[in-house]
Amino acid sequence: MSSKWDDIEIRLLLEAIYQRYHYDFRGYASASIKRRLIRAMERFDCRSYSMLQDRVLHEPEILPEMLTLLTVQVSEMFRDPLYFKALRENVVPYLKTYPSLKVWIAGCSAGEELYSMAILFREEGLESRTMFYGTDINPEALKKAQKGMYPLDQISLFTKNHRQSGGKSSLSDYYTAAYGAAVFDKSLRDRAVFSDHSLVSDAVFAEVQLISCRNVLIYFDRDLQDRAVGLFKDSLASKGFLGLGSKESLRFSAHNSAFTEFDKPGHIYQMAARNM
Ligand SMILES: C[S@@+](CC[C@H](N)C(=O)[O-])C[C@H]1O[C@@H](n2cnc3c(N)ncnc32)[C@H](O)[C@@H]1O
């Protein structure tokens, strides 16, 4: 399956997806995108990237599945509980000083991270003054996020994570079990908006006090990471917070000097004060 022309074929395939559908994977980290394309070739029974290109170009109905194969949809509620603990203990006291708050979960997948944040904010008495924005490029994931339904067999992990994050209530207070799924209380999304937004090609968000973008930058190459962090910088309010995933940091970012490391173990950064 592998040939010396792989790199050329992959570049052409990603260009075709961009030209035809405006989904831009051209700046994603090459080793990871290659692994995902190999999986897509297996799934769509293609012997080469060029064959896959032909199918994607001429069969738009395979695009949703292609997007799911090209984006990593792994997530869980209160993933990396220490991150949520750090938010709760160290960031929330700052957030409590604001009369109203906007929180942006960039790359929210099926909503696990946003519901976790809404529960944390409810437990800390901040929910009623907060708007939550969950964005992603995967329409299937956004549909799932809107439903807030997760397989029941994930609940014991979510419950353990919630407890380790310093949860002040029982996770079971927030969902009901039905037909093998846990359906999260729709009041948790009363103040949430899920929408299609790409960190590669879309513009800045309205001024927000907290951005949580975890396990997304890791799939981008350096230039794309800089573009995304530039968006975060322009979207954050003065002294706003940016939370990254456990394997992500701003150490090599072109925007590093605009941030200070606020909570090292939590991978949470704070933007410098803006000059008024
Ligand atoms: C591994 S999941 C992370 C989910 C969640 N943030 C977490 O940490 O559990 C990565 C998500 O990033 C999304 N994503 C990939 N490229 C993106 C882009 N250019 N703009 C916005 N989201 C993107 C994917 O669709 C996927 O839902």
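Modeller: One term first: contact, or touching, means heavy atoms within 4.5 Å. Please also keep in mind that this is a predicted model.

Colleague: Understood. What does Ser48 touch, residues up to four places away in sequence not counted?

Modeller: With those sequence neighbours set aside, Ser48 touches Glu9 and Met41.

Colleague: And where does Ser48 lie?

Modeller: Ser48 is in the loop between helix H2 (30–43) and helix H3 (49–58). Its side chain reaches the backbone nitrogen of Met51 at 3.0 Å. As for Ile38, 10 residues separate it from Ser48 in sequence, and the C-alpha to C-alpha distance between the two is 8.8 Å.

Colleague: Turning to the core, which residues touch the most other members of the largest nonpolar core?

Modeller: Those are Ile17, Phe25, Leu52 and Leu199, in a core of 49 residues. There is also a second, separate core of 39 residues, with Leu95, Tyr115, Phe184 and Ile268 among them.

Colleague: What is Phe25 in contact with, beyond its neighbours within four places in sequence?

Modeller: Phe25 is in contact with Leu14, Ile17, Ile33, Leu67, Leu70, Thr71 and Ile137.

Colleague: Now the sheet. In what order do the seven strands come?

Modeller: The order is S6-S2-S1-S7-S8-S10-S9, in an open sheet with mixed pairing. Strand S6 (192–196) and strand S9 (259–263) are at the edges; each has a single partner strand, so one side of each has no neighbour in the sheet. On average, neighbouring strands of this sheet are turned by 20 degrees against each other, direction ignored.

Colleague: How many bridges join S7 to S8?

Modeller: Five bridges link strand S7 (residues 208–213) and strand S8 (residues 236–244), and the two run parallel. Within this pair, Val208 stands opposite Leu236 in S8.

Colleague: Which strands does helix H6 touch?

Modeller: Helix H6 (residues 112–123) packs on the sheet and touches strand S1 (101–106), strand S2 (130–136), S6 and S7. The direction of H6 makes about 170 degrees with that of S2. Helix H7 (residues 139–147) also packs on the sheet, touching S2 and S6, and the direction of H7 makes about 170 degrees with that of S6.

Colleague: Where is Glu127 placed, relative to H6 and S2?

Modeller: Glu127 is in the loop between H6 and S2. Its side chain is joined to that of Arg122 by a polar contact of 2.8 Å. Leaving out residues up to four places away in sequence, Glu127 touches Ala118, Phe121, Arg122, Phe132, Ser187, Leu188 and Arg191.

Colleague: What is the distance from a ligand nitrogen to Gly107?

Modeller: A nitrogen atom of the ligand is 2.9 Å from a polar backbone atom of Gly107. With Ser198, a ligand nitrogen atom is 3.3 Å from an N or O atom in the side chain.

Colleague: Finally, how do S4 and S5 pair?

Modeller: Strand S4 (residues 175–178) and strand S5 (residues 181–184) pair in the antiparallel sense over four bridges. The bridge partner of Ala178 in S5 is Ala181. Two residues lie between the strands of this hairpin, and Tyr179 takes a positive phi near 50 degrees.

Notes:
Residues numbered from 1 in each chain as written. Predicted model: local features only at pLDDT ≥ 70, side-chain atom pairs only at ≥ 80, totals over all residues. Heavy atoms only, no water. Core = buried A, V, L, I, M, F, W, Y, C linked by side-chain atoms within 4.5 Å. Buried < 20%, exposed > 50% of the residue type's maximum accessible area, 1.4 Å probe, protein only. Pairing = 2+ DSSP bridges. Axes fitted to C-alpha atoms, helices over the stretch in contact; angles between N-to-C directions. Polar contact = N/O pair within 3.5 Å; in protein donor to acceptor, adjacent residues only side chain to side chain.
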